[in-house]
Amino acid sequence: MNIGFVGLGIMGSPMASHLIAAGHRVAGFDVQPAPVRQLGAIGGRAAASVGDAVADAEVVITMLPDHTHVEQVAFGEDGVLARAKPGTLLIDMSTIRPETSVAVARAGAERGLRVLDAPVSGGEVGAKQATLSIMVGGTPDDVAAARPILEVLGQNVVHVGDHGAGQVVKAANQLVVAGVYGLVGEAIVLLEASGVDPAKGLDVLAGGLAASRILDLKRASMIAREFQPGFRIDLHHKDMGIVLDAARRANVALPLSGLVAQLVAAARAMGHGGDDHSALLTVTTALSGRE
Ligand code: NAD
């Protein structure tokens, strides 16, 4: 298929490379020139603009930081709605607020475009290994049409509901991930302050009921205070905003999410916005005066 791919960052670049390896013709664009050149070097086409990337596409995938970028790429003068052909499938895989996904789907339908929200979980490792979990919102026919493409990128592709539902599931995912990071950080601080080797302690946790993917993938780097991203605190701060906003709209109280959102905000205020979200540990460490 002809695929236009917009947003070639930490996630988008490896995802686009899998689509090329699967035999698709991928035209990629990013506002940063380096990843666009790199896509050209591995068999994709380096597009000069969003319009250039999407004009001949049957499928357009966007993987952008936040809703403002998605709005710009979708609604801009040279954007997807203006330049893609009617019938094109627009799959937005960014994590954004559900109401923007709904607005893009409505505006896209008026232009004859089929739109899905399909945010992902699994992080940079999942993107590189093509093992992402993908939660898809949209109509059953459009999800069926997108499935062969999405299954190149992930193993667990689930149609969770109508437009915007993918983003609500992603918000639920992000509150759990931030909460687990907060608790793993507290376990490390407790073990260290008690004179117990945190590596041995967390090895035990990882084999029992407290086991989690975060413990599996991140316990060694957290203990070593290595916070190279991965998934940046800035992005998780954005996601906790989406969580609390969605909770307000749904008229529910999420007290633990509210607390964890403040810890993520503190990590950002302490200068860790560009670090991996496991740097939430630095806030817990500072609260105990153990820097
Ligand atoms: P990133 O910042 O590395 O990549 C985003 C890319 O979009 C950048 O290269 C940026 O230059 C580009 N961009 C911004 N505005 C643009 C525009 N107008 N036109 C073209 N390109 C533009 O971010 P990422 O880590 O790849 O995350 C992308 C999305 O995926 C975010 O919504 C994030 O929340 C979500 N996500 C990330 C991870 C992760 O582990 N990194 C995991 C799951 C979901």
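Modeller: Glu-99 forms a salt bridge with Arg-249, and the closest N and O atoms of the pair are 3.2 Å apart; the term salt bridge stands for a side-chain nitrogen of Lys or Arg within 4 Å of a carboxyl oxygen of Asp or Glu. Side chains of opposite charge can pair when their charged atoms come close. The model is a predicted one, in which local features need pLDDT of at least 70 and side-chain atom pairs count only at pLDDT 80 or more, while totals for chains, interfaces and linings use all residues. Residues are numbered from 1 along each chain as its sequence is written, and side-chain values use heavy atoms, with hydrogens and water left out.

To set this pair in its surroundings, we can turn to the domains. The chain is divided into domain 1, residues 2–161, and domain 2, residues 168–287, with bounds that come from an automatic or database domain assignment. Taken over C-alpha atoms, the centres of domain 1 and domain 2 are separated by 28 Å. To the contact, which means heavy atoms within 4.5 Å, domain 1 gives 14 residues and domain 2 gives twelve. Between them the domains bury about 1,200 Å², 63% of it on carbon and sulfur atoms, where buried area is the accessible area (1.4 Å probe) that two parts lose on being put together, summed over both. The salt bridges between domain 1 and domain 2 number one, whereas the structure holds 13 in total.

Another salt bridge is the one between Arg-114 and Asp-142, whose closest N and O atoms are 3.8 Å apart. This pair links distant parts of the chain, since Arg-114 belongs to strand E6 and Asp-142 to helix H8 (residues 140–153), 28 residues apart; helices (H or I, at least four residues) and strands (E, at least two) are DSSP runs, numbered from the N terminus.

Arg-225 is found in the loop between H11 and H12, and its phi is near 55 degrees, a positive value in a residue other than glycine. Gly-230 also has its place in the loop between helix H11 (213–223) and helix H12 (233–250), and a cis peptide bond, with omega about 15 degrees, joins Pro-229 and Gly-230. For comparison, most residues other than glycine have a negative phi, and most peptide bonds are trans.

To return to where we began, the pair to look for on the structure is Glu-99 with Arg-249, and a reader tracing the domains can follow domain 1 over residues 2–161 and domain 2 over residues 168–287.
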